[in-house]
Amino acid sequence: MEIIPYESRYAEDFRLLNEAWLEKYFVVEPYDSKLLSQCDDIIIKPGGFIFFIRIANKIVGTAAYIFKSKGVFELGKMAVDPAFQGRNLGQKLMVYMLEFAQKHHWDKIILYSSTKLKNALYIYKKHGFIEVPLESNLPYDRSDIKMELNLK
């Protein structure tokens with residue numbers, strides 16, 4: 001297992017992994033479709049990052065940091081292929097993502113989630129994320145919780 005940075009040749013893997021996850025638990029919303037189909041323009045070019053879990057030359061997981069403002073990024077688009085779940089790959093990816101943010105001396109990571117996702121919320125809390133008030137005009141209809149991790 002290795003965690004690798006984004007390359008445009010993996011854009012389709014990013015889209016497919018996330019769409020599969022969204023369709024399993026929710027629906028693919030218009031904002032999701034835009035992000036997933038235009039990840040170079042919407043995530044990478046403005047200063048964001050996408051990472052992948054690769055096992056034997058197969059992309060089996062992903063996560064992204066979406067630039068919000070100087071030192072503030074949204075953690076999102078985390079997904080692991082169902083055939084590879086149960087191997088703690090999501091946990092390993094989360095640790096990698098947090099170490100990446102600390103190495104770059106960011107101020108804060110935010111994320112939007114759903115209280116339906118008990119396991120995900122447990123992982124976020126385990127890593128120090130705390131619930132904060134939701135703002136209006138949320139990026140996702142499914143979101144009913146916002147969390148953040150202050151890194152300073």
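Tutor: Helices (H or I, at least four residues) and strands (E, at least two) are DSSP runs, numbered from the N terminus. The model is predicted, so local features need pLDDT of at least 70 and side-chain atom pairs count only at pLDDT 80 or more, while totals for chains, interfaces and linings use all residues. Residues are numbered from 1 along each chain as its sequence is written, and side-chain values use heavy atoms, with hydrogens and water left out.

Two strands pair if DSSP finds at least two bridges between them. On that basis, 7 strands form an open sheet of mixed pairing, in the order E1-E2-E3-E4-E5-E7-E6. Strand E1 (2–5) and strand E6 (130–132) are the edges; each has a single partner strand, so one side of each lacks a neighbour in the sheet. From one strand to the next, the twist averages 30° (axes are lines fitted to C-alpha atoms, for helices over the stretch in contact, and angles run from 0 to 180 degrees between N-to-C directions).

Strand E4 (residues 72–80) runs parallel to strand E5 (residues 108–113), and 3 bridges join them. Glutamate 74 has isoleucine 110 of E5 as its bridge partner. On the other pairing of E5, 6 bridges join E5 to E7, and these strands run antiparallel; there isoleucine 109 stands opposite leucine 149 of E7. Together, E4, H4 and E5 form a right-handed β-α-β unit: with the strands pointing away from the viewer, the path from the first strand over the helix to the second runs clockwise.

Burial is considered next: buried means under 20% relative accessible area, exposed over 50%, and partly exposed in between (1.4 Å probe, protein chains only). In E5, 5 of its 6 residues are buried, and the strand is mostly covered. Lysine 77 lies in strand E4 and counts as buried because its relative accessibility is 8%. Although not a glycine, lysine 77 has a positive phi of about 55°. Asparagine 137, in the loop between E6 and E7, also has a positive phi, near 60°, and is not glycine; with a relative accessible area of 75%, asparagine 137 is exposed.

In soluble globular proteins, nonpolar side chains tend to be buried together. A nonpolar core is here a set of buried Ala, Val, Leu, Ile, Met, Phe, Trp, Tyr and Cys residues joined through side-chain atoms within 4.5 Å. The largest such core has 27 residues, and Tyr65, Leu75, Ile109 and Phe129 have the most contacts inside it. Two or more residues each come from E2, E3, E4, helix H4 (89–103), E5, helix H5 (118–126) and strand E7 (145–150). H4 gives the largest share, 7 residues. Contact means heavy atoms within 4.5 Å; leaving aside neighbours within four places in sequence, leucine 75 is in contact with Ala64, Tyr65, Met94, Met97, Ile109, Ile110, Leu111 and Phe129. Apart from this core lies another, of 21 residues, including Tyr10, Phe14, Cys39 and Ala64.

In H1, the residues Ala11, Phe14, Leu17, Asn18, Glu19 and Leu22 are buried. Their cover includes helix H2 (30–37), helix H3 (39–44), E2, E3 and E4.
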